[in-house]
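Hi there,

I am passing this structure on to you, together with some notes on what turned up in it. Please have a look at it first and then read on.

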Amino acid sequence: MNMPLNPEQTTCFMIKTITPATALRGELSSLPPDKSIAHRAALFASVAKGESVIRNYSAAEDPQSTLSCLRDLGVPVETDGSTVIIRAKGRKTFSPVRQLIDCGNSGTTMRLLSGLVAGAGLDVTLTGDASLSSRPMKRIMDPLGLMGAQIASSDKNRPPLQFASHKGLRAIDYTLPMASAQVKSCVLLAGLFADGETRVTETLPSRDHTERMLGLETDFNADGSRVLKSSREFEVLPQQLKIPNDISAAAFWMVAASIIPGSEIVLRGVGINPSRSAVITILQRMGADIRVSVPPEASTSTTVGEPLADITIKSAKLSATDLLETEIPNAIDEIPVLAVAMAFAEGKSTVRKAAELRAKECDRIAAVAEMLQKAGLNIKEYADGFDVSGSRSNACQAADYSSHHDHRIAMAAAVLSLKADAPSTIHDADCAAISYPTFFRDLESLRS
Ligand code: S3P
């Protein structure tokens, strides 16, 4: 029988039923730790000399994929609850215990690890699930190939990626063809093994965790573009750090509290790195009531330069907005749930120059358009984005959604379902665990 037994319960068909909400109220102090920072903390620790201790490491599937890949590459990784301890021997730590390294659903794992695997000249194959196997890898294969890496793909530059040993990498001077922190980080990590100084120029800034956490040198070109540098001589230091909570997870509650009247949610210890916090600026520009306060005990010395804050959101009357080109890479993972906010904001909102959304865990432009249309809302799709014509009094009909096995689509559909006139269903909603294992439990805890 393909029917959920009770609202809010997952059936054996992994269908989640979400009932509408009247108001969401409460405090979340254990949001998932930041996924981007977790991947990096573990990967950087694997090429540092000495012991790194990473506290508040995420239990979500993607960051766990990074740990299992490192173990398969022979890196000593220990865990104690949410603490990860890695004792490494610098660039020579890797000693693969298997040939096939499974990155699961995680694009960040595959792209960043590729920089290290290519740098170390390992004979391994990086593979992933069906979604990851359909994602473009030419963007990393091109620069790594220029550096002298040997990488083959039997499926149009998509995973699996077969790496082979080589005679050593040479540094390159590379201008990123797209704003991508994954590509930037991949090249800089390979640069840690290369002969000479690798320079990566980004014309549009993307998240800066790699350069911030490693303490890489930065230059600026005359046109204002940033140049990041890495080299074999650069010393990667072991770190003792605590990972802040994930702003990309917090974004679902920022939108939910904003659009459901009578709501008030407090989110504790959220990372507010300026290259990730456009979601706050955008929602505030739309009229959202969001207050950001830095707790007295917060110190960036424990988070390797990553700032954190407590965030309080109250429901508000939203107005439409146009996303700026510079905001797209900064808010790239939050755009599906921002589209939900736009549907309940007065006027026409626009998202353009965001074609990168089509190359995420699923085609997020098509998935967002399908989601809003199913709810009876007004969205017009373009090759590089969409327009949403919203209204504060929009009626939202209950619907039967597909997550497209994309965690952020599953959670955006859940937030949208809270505004519906009857219970909605989400197929394959469990994939939320890729970034946010306790999402549905947290949702229930916030219902008043
Ligand atoms: C990430 C960068 C972004 C983002 C992804 C995580 C990272 O991808 O979408 O979820 O941690 O570097 P791109 O840099 O490819 O846009």
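Glu 325 is partly exposed, at a relative accessible area of 40% (buried means under 20%, exposed over 50% and partly exposed in between, with a 1.4 Å probe and protein chains only). Its partner is Lys 353, and the closest N and O atoms of this salt bridge are 3.6 Å apart (a side-chain nitrogen of Lys or Arg within 4 Å of a carboxyl oxygen of Asp or Glu). Lys 353 lies in the loop between β18 (347-351) and α11 (364-374), while Glu 325 is in the loop between β17 (308-314) and α9 (327-330), so their pairing ties together parts that are 28 residues apart in sequence. Helices (H or I, at least four residues) and strands (E, at least two) are DSSP runs, numbered from the N terminus. Lys 353 itself is exposed, with a relative accessible area of 53%.

A word on the model before going further. It is a predicted one, in which local features need pLDDT of at least 70 and side-chain atom pairs count only at pLDDT 80 or more, whereas totals for chains, interfaces and linings use all residues. Residues are numbered from 1 along each chain as its sequence is written, and side-chain values use heavy atoms, with hydrogens and water left out.

Now back to the charged pairs. How many salt bridges does the structure hold? There are 34 of them. One joins the side chains of Arg 226 and Glu 211, at 2.4 Å from N to O. Because Arg 226 belongs to strand β13 (residues 226-231) and Glu 211 to helix α6 (residues 209-214), this pair ties together parts 15 residues apart in sequence. Both Arg 226 and Glu 211 are buried.

Another salt bridge brings together the side chains of Arg 352 and Asp 387, with 2.8 Å from N to O. Arg 352 sits in the loop between β18 and α11 and Asp 387 in strand β20 (residues 385-390), so here the parts tied together are 35 residues apart in sequence. Are the two partners buried or exposed? Arg 352 is partly exposed, at 26% relative accessible area, whereas Asp 387 counts as buried at 6% relative accessibility. There is also a network of salt bridges, which links Arg 135, Arg 207, Asp 333, Glu 361, Arg 364, Asp 406 and Arg 408.

Which residues surround the ligand? They are Ser 36, Arg 40, Thr 108, Ser 180, Ala 181, Gln 182, Arg 207, Ile 332, Asp 333 and Lys 360 (a residue is near a molecule if one of its heavy atoms lies within 4 Å of it). A backbone N or O atom of Ala 181 is 2.7 Å from an oxygen atom of the ligand, and a polar backbone atom of Gln 182 is 3.0 Å from a ligand oxygen. From Asp 333 a polar side-chain atom lies 2.7 Å from an oxygen atom of the ligand. The elements that give two or more residues to the shell around the ligand are α1 (35-45) and α5 (181-191).

Among the buried residues of α1 are Ser 36 and Arg 40. At the start of α1, a side-chain oxygen of Asp 34 comes to within 2.9 Å of the backbone nitrogen of Ser 36. In α5, too, eleven of eleven residues are buried, including Ala 181 and Gln 182. At the start of α5, a side-chain oxygen of Ser 180 reaches to within 3.3 Å of the backbone nitrogen of Gln 182.

Finally, two serines. Ser 248 is placed in helix α7 (residues 247-259) and counts as buried, at 2% relative accessibility. A polar contact of 3.0 Å joins the side chains of Ser 248 and Arg 276 (N or O atoms within 3.5 Å, where within protein one must be able to donate a hydrogen and the other to accept it, and residues adjacent in sequence count only if both atoms are side-chain atoms). Ser 275 is in the loop between β15 (264-271) and α8 (278-285), and is buried with a relative accessible area of 13%. From Ser 275 to Arg 408 there are 133 residues in sequence and 19 Å in space, C-alpha to C-alpha.

Best wishes
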